[in-house]
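Here is a quick tour for anyone meeting this structure for the first time. Have a look at it before reading on.

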Amino acid sequence: MLTTLIYRSQLSLTCTSAALSALVEKARIRNTEQGISGILLSSGHDVLQILEGTEQNVVALFNTIRADNRHTGVVELMRDYGPRRRFEDVGMLLFNMDVQTPKAVLASVLHYSKLESYLTSEDRVFKFIQTFITGKPLSHPLRTMSLINGRFRESARRLVKG
Ligand SMILES: Cc1cc2nc3c(=O)[nH]c(=O)nc-3n(C[C@H](O)[C@H](O)[C@H](O)COP(=O)(O)O)c2cc1C
C-alpha cells in the first residue's frame, strides 16, 4: 500500500550543507531503485523529510534513517496511506532554505509535485511543507498557489471557478 511518512529532525553539527547534498545525491539513486520518492527540506540544522513508497520500503528506510548519527531528535509527524504519490520520479529532492527564499522554495516544491491535485482536500502533507517553509500555515492553500506562475496559477483559477 502506498505510504507517506513525514518526520523532522536536526542535523548534527558535523553535517554541513555540502555533506547533506552529497548524502541526498546517494539517497536519490537508492530511493529510485526502491521505488521511493520524496523531498528533503533543510533550514539551518532543521530538516523535514517526506518519504513515499510501499509501506515495507518506507518503514525499512525510515528505520535506517532514524538510526543515522548525522542527525538527532527524529520525530515522526505523520504516517498515512493514500492512492497517489505527491512526488513522482524524483527519488529524493533537496531544498535548502539557506540558499533560496521561502517563496522560491515553495515554488520549486510545487513545481516538482502533484500537490495541486490535493488542493481541494486541504492536504495535510501540503500543510506540513507550508508550515516548515513559511513558519506558519497560510490561511488558504490558494493563497500559496497565487505565488506561483504558470500552470499552478491556472489550475488554482480553475478551482476557484469550480
Ligand atoms: C536527514 C537524512 C536523510 C536521509 N535520507 C535518505 C533517503 O532518503 N534515502 C536513503 O537511502 N538514505 C537516506 N539517508 C541515509 C541513510 O540514513 C543511510 O545512511 C543510507 O540509507 C545507507 O544505509 P546503509 O549504511 O545501511 O547502507 C538519510 C540520512 C539522513 C541523515
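## Around the ligand

Fourteen is the number to start with: of the 14 residues around the ligand, Ala-27, Arg-30, Ile-65, Asp-68 and Arg-70 come nearest (a residue counts as near if its C-beta atom, placed from the backbone, lies within 6 Å of the molecule or strand in question). This is a predicted model, where local features need pLDDT of at least 70 and side-chain atom pairs count only at pLDDT 80 or more, while totals for chains, interfaces and linings use all residues. Residues are numbered from 1 along each chain as its sequence is written.

Who builds this shell? At least two residues each come from α1 (17-33), β3 (46-54) and α2 (55-66), and α1 gives the largest share, 4 residues. These labels are DSSP runs numbered from the N terminus: helices are H or I with at least four residues, strands are E with at least two. By class, the shell holds 7 nonpolar, 4 polar and 3 charged residues. Here Ala, Val, Leu, Ile, Met, Phe, Trp, Tyr, Cys and Pro count as nonpolar, Asp, Glu, Lys and Arg as charged, and the others, Gly among them, as polar.

## The sheet

Next up, 5 strands make an open sheet with mixed pairing, in the order β4-β1-β3-β2-β5 (two strands pair if DSSP finds at least two bridges between them). β4 (71-81) and β5 (93-96) sit at the edges with a single partner strand each, so one side of each has no neighbour in the sheet. On average, neighbouring strands are turned by 15° against each other, direction ignored.

Leu-40 stands opposite Leu-94 in β5.

## Two packed helices

Helix α3 (residues 102-112) packs with helix α4 (residues 124-134) at about 155°, their axes 9 Å apart. Axes are lines fitted to C-alpha atoms, for helices over the stretch in contact, and angles run from 0 to 180 degrees between N-to-C directions. The two helices are therefore roughly antiparallel, a label for angles over 145 degrees.

Where they touch, Pro-102, Val-105, Leu-106 and Val-109 in α3 meet Ile-129, Ile-133 and Thr-134 in α4 (contact means C-beta atoms, placed from the backbone, within 7 Å). That contact has 6 nonpolar, 1 polar and no charged residues.

Terms used:
Parallel < 35°, antiparallel > 145°, perpendicular 65-115°, else oblique. Contact = placed C-beta atoms within 7 Å.
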